[in-house]
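User: I would like to learn how to read a protein model step by step. Could we go through one together?

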Amino acid sequence: MKKLTVILCALVAVFCLASCNSASTPTGVVKAYYDALSSGNYEKAVSYTELTDQEDIDGYAKKLKDVEYKVLSYEVLSETISEDGESAVVEVKKTATSSLNKDPKESTDKVKLSKVDGKWKIRI
């Protein structure tokens, strides 16, 4: 019985660690990005992009905030990783609003990603 408890605890720990590291795949990064946009956390959303210059980061986050861009829902349709494993495209169907377009608008995006220092980042 004691061995079974230890094994179950180990399995739970493995699953918890795997779920915490979901942003290590192209789809995981895109989901984290859209989740941040859904909650209005633009600074966090920008952290999933390949922008590194603080001025660019602040400018992009400000632009998103100024137009009150919000993703209401999204669905990942596909993920394609290049043969060399350095780039990927994640196709996403989303519904979003902004101050420029108050009515929810549905669209399909092909989000392009690249590996930067071993981590997937969204190309802007």
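User: Leaving aside its neighbours within four places in sequence, which residues is Thr 95 in contact with?

Analyst: Contact means heavy atoms within 4.5 Å. By that rule, and leaving aside neighbours within four places in sequence, Thr 95 touches Lys 70, Val 71, Leu 72 and Ser 73, together with Pro 104, Lys 105 and Glu 106. Please keep in mind that this is a predicted model, in which local features need pLDDT of at least 70 and side-chain atom pairs count only at pLDDT 80 or more, while totals for chains, interfaces and linings use all residues. Residues are numbered from 1 along each chain as its sequence is written, and side-chain values use heavy atoms, with hydrogens and water left out.

User: Is Thr 95 buried or exposed?

Analyst: Buried means under 20% relative accessible area, exposed means over 50%, and partly exposed lies in between, with a 1.4 Å probe and protein chains only. Thr 95 has a relative accessible area of 17%, so Thr 95 is buried.

User: In which strand does Thr 95 lie, and how does that strand pair with β3?

Analyst: Helices (H or I, at least four residues) and strands (E, at least two) are DSSP runs, numbered from the N terminus. Thr 95 belongs to strand β2, residues 87–97. Two strands pair if DSSP finds at least two bridges between them, and β2 pairs with β3 (residues 105–116) in the antiparallel sense over 10 bridges; Ala 88, for example, has Leu 113 in β3 as its bridge partner.

User: What joins β3 to β4?

Analyst: These strands run antiparallel and are joined by four bridges, with β4 covering residues 119–122, and Ser 114 stands opposite Lys 121 in β4. The two strands form a hairpin with two residues between them, and Asp 117 in the turn has a positive phi of about 50 degrees.

User: How many residues of α2 are buried, and what covers them?

Analyst: Of the 14 residues of α2, 10 are buried, among them Val 29, Val 30, Tyr 33 and Leu 37. Their cover includes α3, α4, β1, β2, β3 and β4. Just after α2, Gly 40 takes a positive phi of about 80 degrees.

User: What is the mean pLDDT of the chain?

Analyst: pLDDT is the predictor's confidence in each residue, from 0 to 100. The mean for the chain is 86, and 82% of its residues reach 70 or more. Over residues 4–21, however, the pLDDT is below 50, and this stretch has zero contacts in the model beyond near neighbours in sequence.
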